[in-house]
Amino acid sequence: MNFKAVLFDLDGTLLHTLPDIRDAMNGVLARYGLPQYDLESYRGMVGWGIGRLAELALPEESRSEVDAEELAEEMRRAYMSHPLESSTPFEGVPELIDTLHREGVPMAVLSNKVHELTHGLIVRAWGENVFSAVYGAREDLPMKPHPAAAHRIATELGMKPHEMIFVGDSAIDMETAQVAGMYPVGVSWGYREVEELWMHGAAMVVSSPDEIPPLILGGAHAE
């Protein structure tokens, strides 16, 4: 394997954002008098963007009374006002990013989260100059698992897709990597079960961030 760059998913891969997503969505649901969910329930509801999250959170029996798009817009506003109250990098991720950045490995982020939120979270966590490209959900590109955004990122980094690994925690990420021609690497610390990652095309699943640098740098450089 001769990989030169890394494309990361955001939620469940780099940052543990679920507490803030839960709090924002539950706050909106409460205002509408709708049932709320615990952290574990939200694990299976995230990954497709805020629009899909609102659809999944809206009970079937309430859909004639509450518009899912209106709920999504309320959620978007609530979340954007407090995106980093409780969100933190997963254990070992800061060291992973530091290692790759220090070694000059090009890194990028691709998320189905709203672009402004994705960019803002990355900048607040790592600053402006660590990642070469940060893409969230944008009007000019289809969301994952469509490969268009991944391909644009590869071009922006000056890479061919097969020179990149795609690191993520969900079926969507593994499928995106496959259709984009990148090497699919699943992480076990995210929001989905490991079995889901294998079933949707993971070439390997790592249980610790320190397993990722050797894929790019070789064992001699990994920490």
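**View 1. Salt bridge between Lys144 and Asp173 in the predicted model.** The side chains of Lys144 and Asp173 come to 2.7 Å, N to O; a salt bridge is a side-chain nitrogen of Lys or Arg within 4 Å of a carboxyl oxygen of Asp or Glu. Lys144 sits in the loop between strand E5 (133–137) and helix H7 (148–157), Asp173 in helix H8 (residues 171–180), and the pair, 29 residues apart, links distant parts of the chain. Helices (H or I, at least four residues) and strands (E, at least two) are DSSP runs, numbered from the N terminus. Lys144 and Asp173 are both buried (under 20% relative accessible area; exposed is over 50%, partly exposed in between; 1.4 Å probe, protein chains only).

View 2. Glu73 is partly exposed at 33% relative accessible area, and Arg77 is partly exposed at 48%. A network of salt bridges links Arg31, Glu73, Glu74, Arg76 and Arg77.

**View 3. Buried residues of helix H4.** These are Leu71, Ala72, Met75, Ala78 and Tyr79. Seen down the axis of H4, they fall within an arc of 130° (directions from the helix axis to the C-beta atoms), so they line one face of the helix.

**Notes.** Residues are numbered from 1 along each chain as its sequence is written, and side-chain values use heavy atoms, without hydrogens and water. In this predicted model, local features need pLDDT of at least 70 and side-chain atom pairs count only at pLDDT 80 or more, while totals for chains, interfaces and linings use all residues.
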